[in-house]
Amino acid sequence: MTLTAPRKGQDRSFAVDVQRFEKNIYHTSKGRIRQAVLAADLAALIASERPLRVLDIGAGLGQVNQLFAEAGHLVWHSDIAAEMVAQAKEQHSQAGLSAQYQYITAPLQDLPAQLVDQPPFDVVLCHAVLEWLEQPAAAISILSQLMVEGGWLSLMFYNRRAKEMANLIYGNFDYVKAGLQVKKKVRFSPQTPLYIEQVSDWTLRHRLQLVAHSGVRCIHDYLRDLEHQQRDDLIEMELRYRRQEPFRQLGRYQHFLLRKEIEGVSG
């Protein structure tokens, strides 16, 4: 697999070897925990009796948005990598869900223009995207523009504090002292891990109110015995502790479920 730099600054996309990406991200204990936490946090929206219009940005192979499609919601699946969109489209077709989908190949920054003829969306999903952007704060404004008043944003991002903690535990003190910077980039290691407080501040500026907050992989990455990462009850424990402090702040990823304020209505 290669990482390609699109035309939007130094943002990153995953392309070419989609199968390797799927194996390294989704077919692992890490991917199963991610899927379980997001499914639990989004369960009420997925169960909505009213058909929702859902936009998934940086959707990859569409495992999360497929939960919405299976429940009868309409999904716009977007990703910057054409190869990823093509593979997702094939998988959704095999699942008999083609009628529920529209597909877009474009960077996040181009979506307002791509969707200019569409009304705002009831739900916007943006998972593991911010940390790959050169200007992640600017993305929040775009996400807000794409949402209907009172709509929902599911925002998951890579947690800098958890990356610091994991490397301290591993004894990588020089790496932490260097601000988590290395000369050679690791393929699947996000370029811009973010602090929880940073993202919280950005969302508040755009009238996005935090409704639920979970840590993702609060336990998994700190297990000394790696065989325990395959335990049958690990996901159960991740779900149990995902909203409890201090465990939540140590989650390798953070999931914010936010609601856009209706203009003129407070509280």
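Student: Leaving aside its neighbours within four places in sequence, which residues is L155 in contact with?

Tutor: Contact means heavy atoms within 4.5 Å. By that rule L155 touches C126, L130, I140, L143, V199, T203, Q254, H255, F256 and L258. Keep in mind that this is a predicted model, where local features need pLDDT of at least 70, side-chain atom pairs count only at pLDDT 80 or more, and totals for chains, interfaces and linings use all residues. Residues are numbered from 1 along each chain as its sequence is written, and side-chain values use heavy atoms, with hydrogens and water left out.

Student: Where does L155 lie, and is L155 buried or exposed?

Tutor: Buried means under 20% relative accessible area, exposed over 50%, and partly exposed in between (1.4 Å probe, protein chains only). L155 has 0% relative accessibility, so L155 counts as buried. L155 is part of strand β7, residues 147–158 (strands, E, at least two residues, are DSSP runs numbered from the N terminus).

Student: How do I read a pair of aromatic rings?

Tutor: You look at the distance of the centres and the angle of the planes. Rings of Phe, Tyr and Trp (its six-membered ring) pair if their centres lie within 6.5 Å; planes under 30 degrees apart are stacked, over 60 edge-to-face, the rest tilted. Searching the whole structure turns up five aromatic pairs. One of them, Y241 with F247, is edge-to-face, at 4.9 Å centre to centre and 70° between the planes.

Student: What sits over the ring of W76?

Tutor: A charge sits over a ring if NZ of Lys or CZ of Arg is within 6 Å of the ring centre and within 35 degrees of the ring normal. Here it's the charged end of R53, 4.7 Å from the centre of the W76 ring. R53's charged end also sits over the ring of F121, 4.6 Å from its centre.

Key: Helices (H or I, at least four residues) and strands (E, at least two) are DSSP runs, numbered from the N terminus.
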